[in-house]
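Here's a quick tour for anyone opening this structure for the first time. Have the sequence and the 3D view side by side, and take the topics one at a time.

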Amino acid sequence: MTTRAYRETALLNAGLNPFLLKADDVFIDLLTDSGTGAMSDQQWAGIMRGDESYAGSSSFYRLAEVVERLFHYQHTIPVHQGRGAEQILFPSLVERAKQRGASKPLFISNHHFDTTKAHVEIAGGIAKNFICKAALDTSTYSDWKGNLDVAKLASEIEQSGAEQIAAVVITITCNSVGGQPVSMSNIQQVSTLARHHEIPVVIDAARFAENAYFIKQRDPLYADKSIHDIVAGMFVNGDIFTMSAKKDGLVNIGGLCCFKTDKTLFERVQRQCVIMEGFVTYGGLAGRDMEAMAIGLQEACDEEYLRSRIAQVEYLGEKLQRAGIPVQTPVGGHAVFVDASKVLSSVPSTFFPAQMLCNALYIESGVRATEIGSLMMGRNPVTREQEPALFELMRLTIPRRTYTNNHMDYVAESLVRLIEKAPQLRKLVFEYEPEVLRQFTARFKEI
Ligand code: F0G
């Protein structure tokens with residue numbers, strides 16, 4: 001634990017950007033749930049038997065076997081993390097769309113994650129987010145705030161033409177709107193519509209097991225189904241999935257790019273993998289990483305594990321709600337999202353209210369959170385205008401199997417104390433603004 005004076009200096013040295021803090025200067029780290037969880041005894045045992053062969057590692061074959069068993073996808077490419085999958089897949093989808101006659105291929109999603117959007121743009125596509133309206137009102141409960149607006153997708157297909165759409169990307173759970181689940185019927189409807197127009201369906205599967213758990217809890221049709229059956233039921237609606245295994249793969253590093261049946265596309269993406277990630281049976285990972293991922297994917301589908309995981313997020317969410325702190329309701333699978341536009345209602349988004357809150361929380365308590373709002377949204381690549389953000393949220397992201405509820409008590413108490421001081425917080429402006437993905441390395445000053 002550090003003192004307030006120490007943290008003030010540390011944050012100043014970090015350009016008032018918690019991403020630039022040293023982790024040793026953080027007391028409880030809720031920056032992300034990505035690769036920050038604890039591996040199990042089984043996974044560590046797996047690490048010991050990793051097969052480090054350059055080509056054809058037995059660890060790769062064990063991983064591919066687990067993928068086939070859980071998701072029923074035939075073709076597996078391991079990658080170093082989620083964005084590795086995006087960078088090898090999206091250029092091929094763009095190329096395919098252009099062969100079908102697309103001039104500027106579109107990617108339609110419930111919501112693209114920030115690096116996902118960046119990879120769409122680097123590949124020459126345009127990313128559009130069609131999140132359902134219920135997600136936008138943080139204070140009202142709705143079961144499926146991650147759903148994609150199907151009517152909007154239908155009208156986009158009608159107006160732009162199906163050939164303009166390179167892919168539909170269903171993000172489960174939907175991180176950017178609060179870790180909110182997508183219902184089984186929404187996945188089915190989106191898939192049916194896309195299939196009818198021969199548009200490939202990509203599942204961004206980072207938090208697939210949490211999404212399956214929510215379906216079991218909230219959809220009576222699935223109350224008696226196993227997590228395995230629900231996972232299979234979701235993935236049958238996709239053609240391809242990309243996965244950051246640093247979330248529900250329960251590993252510190254790793255990812256996947258998998259194809260249900262499309263061997264032609266798989267082979268094209270394999271070629272890209274060799275150039276960008278590594279040979280096709282290791283994709284930038286050590287054999288031991290693939291071994292740990294194969295075990296982690298199975299552990300993530302354990303219902304008892306999922307219950308304790310989601311219950312911890314709910315525990316923190318309930319404490320905050322009881323204290324009257326506005327959060328995205330219901331809380332998501334991996335994080336509690338505090339609505340900074342309500343806490344700091346007089347601060348315009350141009351001064352990054354959620355980032356102000358993250359900074360103040362760090363000073364108050366040594367807890368590190370992250371901004372999901374205008375800062376992350378960035379600028380339009382053509383006009384350079386600030387892209388309008390749907391929300392100004394502070395994400396308190398809970399790593400898997402890492403903290404206890406005592407830690408959550410401390411976070412909640414700190415935040416309650418801080419909210420009383422909110423009117424005194426100072427606005428932020430850039431001292432250094434990177435051109436893209438600016439949240440990671442920007443530096444700020446207070447005004
Ligand atoms: N898709 C989603 C939905 C994500 O949340 C992330 C990463 C990625 C793709 C990219 O995966 O980091 O392994 O390259 N999300 C992390 C986060 C970084 O903090 O939410 P990656």
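Before the first sheet, a word on pairing: two strands count as paired if DSSP finds at least two bridges between them. With that in hand, keep in mind that this is a predicted model.

- β11 and β12 (residues 393–397) are joined in the antiparallel sense by three bridges.

**Strand β8 and its partners**

- Strands of a sheet pair through backbone hydrogen bonds, in either a parallel or an antiparallel way.
- β8 pairs with β2 (residues 75–79) in the antiparallel sense, over five bridges.
- Within that pairing, Thr76 has Cys258 of β8 as its bridge partner.
- β8 also pairs with β7 (residues 240–244), again antiparallel and over five bridges.
- Here Ser244 has Gly255 of β8 as its bridge partner.
- Is β8 mostly covered or mostly open? It's mostly covered, with five of its five residues buried.
- In a regular strand, side chains alternate between the two faces of the sheet.
- For β8, both faces are covered: Gly255, Cys257 and Phe259 are buried on one side, and Leu256 and Cys258 on the other.

- The axes of α8 (residues 208–218) and α9 (residues 227–235) come within 9 Å and cross at roughly 110 degrees.
- Angles of 65 to 115 degrees count as roughly perpendicular, and α8 and α9 are therefore roughly perpendicular to each other.
- On the α8 side, the residues that meet α9 are Phe208, Asn211, Ala212, Tyr213, Ile215 and Lys216.
- On the α9 side, they are Ile227, Ile230, Val231, Met234 and Phe235.
- Sorted by class, this contact has nine nonpolar residues, one polar and one charged.

**Salt bridges**

- Side chains of opposite charge can pair when their charged atoms come close.
- How many salt bridges does a search of the whole structure find? It turns up 29.
- Asp33 and Arg309 form one of them, with the closest N and O atoms 4.0 Å apart.
- Asp33 is in the loop between β1 (28–29) and α2 (41–48), and Arg309 is in helix α12 (residues 303–322), so this pair ties together parts 276 residues apart in sequence.
- Both partners are buried: Asp33 has a relative accessible area of 1%, and Arg309 has 5%.
- Asp33 and Arg309 also belong to a salt-bridge network with Arg207, Glu210, Asp248 and Arg400.
- Another salt bridge joins Asp262 to Arg96, at 3.0 Å from N to O.
- Asp262 is in the loop between β8 (255–259) and α10 (263–276), while Arg96 is in helix α4 (residues 82–99), so the pair links parts 166 residues apart in sequence.
- Asp262 is partly exposed at 24% relative accessibility, and Arg96 is partly exposed at 27%.
- Arg438 and Glu433 meet in a salt bridge as well, 2.7 Å from N to O.
- Arg438 is buried at 2% relative accessibility, whereas Glu433 is partly exposed at 28%.

Note on methods: Residues numbered from 1 in each chain as written. Predicted model: local features only at pLDDT ≥ 70, side-chain atom pairs only at ≥ 80, totals over all residues. Heavy atoms only, no water. Axes fitted to C-alpha atoms, helices over the stretch in contact; angles between N-to-C directions. Helix = DSSP H or I, 4+ residues; strand = E, 2+ residues; numbered from the N terminus. Parallel < 35°, antiparallel > 145°, perpendicular 65-115°, else oblique. Contact = heavy atoms within 4.5 Å. Nonpolar A, V, L, I, M, F, W, Y, C, P; charged D, E, K, R; others polar. Salt bridge = Lys/Arg side-chain N within 4 Å of Asp/Glu carboxyl O. Buried < 20%, exposed > 50% of the residue type's maximum accessible area, 1.4 Å probe, protein only.
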